[in-house]
Amino acid sequence: MKLVAGNWKMFKGTSETLAFFDAFEAPAGVEVVVCPPFTSLSLAAGRGVPVYAQNVHWAVEGAFTGEISAQMLLELGVEGAVVGHSERRQYFGETDETVRKRCEAALEAGLRVIACVGETESEREAGETGAVLRRQVAAIPPHEALVIAYEPVWAIGTGKTATPELAQQAHESIKELHPTRVLYGGSVKPENAVELLAQPAIDGALVGGASLEPGSFGAICRAALA
Ligand code: PEP
């Protein structure tokens, strides 16, 4: 079964979260997950769609202002967490080492994990994609509750999508390094989802912008059934 996860980023406070769930119904036959911002997690949990956080700290508790632990998430009914999203790497100092620590702590606590990898445009142009993916994937612990999301940074929120062939190739190389399910992320929309999700090495999608609308997110979830 394919997995489609909606990363809401810093969108949807409590009232918009309720409106989303009023309008959204996950189709049967596909594993659907939503990742609201922290303040909407408890409201979203228990509404029939598994809820993941967008980040998680590695400590159980402590003097880490602004951070949230796996245990705190579990107490809310949250089932998993995204780790190492490129926006965390780009704007908040996330490194391969902190990705590894977050993954290990989350898995140890009993959360599921979507761990993100992907090259920037300049890394791709410099022919460094393979080396970047090898380095990032090496920091991610193998675990049955963990999936990897391949998100080429140049395709996130830009409207540029990797071609299905390019995504298929990147997924194959990631699977050689790490035997796991690999989701594709980067401007997935209802219009391109069927073709991307038809690639044999693409096991699902991590969707940003198009997951905010119940209609477009539902259409992408249905594309995973095709
Ligand atoms: C993301 O946030 O993980 C993402 C892939 O965003 P978008 O679908 O908007 O490119």
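Entry 1: How many of the 5 residues of strand 2 (residues 31-35) are buried? I count 4 of the 5, so to speak a mostly covered strand. For "buried" I use under 20% relative accessible area, with exposed being over 50% and partly exposed in between (1.4 Å probe, protein chains only). Helices and strands are DSSP runs numbered from the N terminus: helices are H or I with at least four residues, strands are E with at least two.

**Entry 2: ground rules.** I noted that this is a predicted model, where local features need pLDDT of at least 70 and side-chain atom pairs count only at pLDDT 80 or more, while totals for chains, interfaces and linings use all residues. Residues are numbered from 1 along each chain as its sequence is written, and side-chain values use heavy atoms, leaving out hydrogens and water.

**Entry 3: the whole protein.** I looked up the secondary structure and got 10 helices and 8 strands. The radius of gyration is 16 Å, close to the 17 Å that the globule rule gives for 226 residues, so the protein is as compact as a globular protein of that length. That radius is taken over C-alpha atoms, and the rule is 2.2 Å times the number of residues to the power 0.38. The C-alpha trace spans about 40 × 40 × 30 Å along its principal axes. Of the 226 residues, 54% count as buried.

I then checked contacts, meaning heavy atoms within 4.5 Å. Among contacts with a separation of 6 or more, 70% are between residues 24 or more positions apart. The surface came next: the protein exposes about 10000 Å², and carbon and sulfur atoms supply 53% of that. Those areas come from the Shrake-Rupley method with a 1.4 Å probe, and for residues only the protein chains shown count as cover.

Entry 4: In what order do the 8 strands line up? I read 2-1-8-7-6-5-4-3, an open sheet with parallel pairing. Strand 2 and strand 3 (52-53) are the edge strands, each pairing on one side only. Two strands pair here if DSSP finds at least two bridges between them.

I went through some of the pairs:

- Strand 1 (residues 3-7) is joined to strand 2 by 5 bridges, running parallel, and Leu3 has Glu31 as its bridge partner in strand 2.
- Strand 1 is also joined to strand 8, in parallel, by 4 bridges, with Val207 of strand 8 as the bridge partner of Gly6.
- Strand 7 and strand 8 pair in the parallel sense over 2 bridges, and Gly185 finds its bridge partner, Leu206, in strand 8.
- Strand 4 (residues 80-83) and strand 5 (residues 112-117) run parallel with 4 bridges, and Gly80 has Arg112 in strand 5 as its bridge partner.

I also checked which way the side of strand 8 (residues 204-207) faces: Gly204 and Leu206 point one way, Ala205 and Val207 the other, and all are buried.

Entry 5: Most residues other than glycine have a negative phi. Lys12, though, has a phi near 75°. Lys12 sits in the loop between strand 1 and helix 1 (14-23), and at 14% relative accessibility Lys12 counts as buried. Ser187 also has a positive phi, near 55°. I found Ser187 in the loop between strand 7 (182-185) and helix 9 (190-197), buried at a relative accessible area of 9%.

**Entry 6: Arg47.** Arg47 lies in the loop between helix 2 (41-44) and strand 3. Leaving aside neighbours within four places in sequence, Arg47 is in contact with Leu18 and Phe21. Arg47 and Leu18 are 29 residues apart in sequence, and their C-alpha atoms are 9.7 Å apart.
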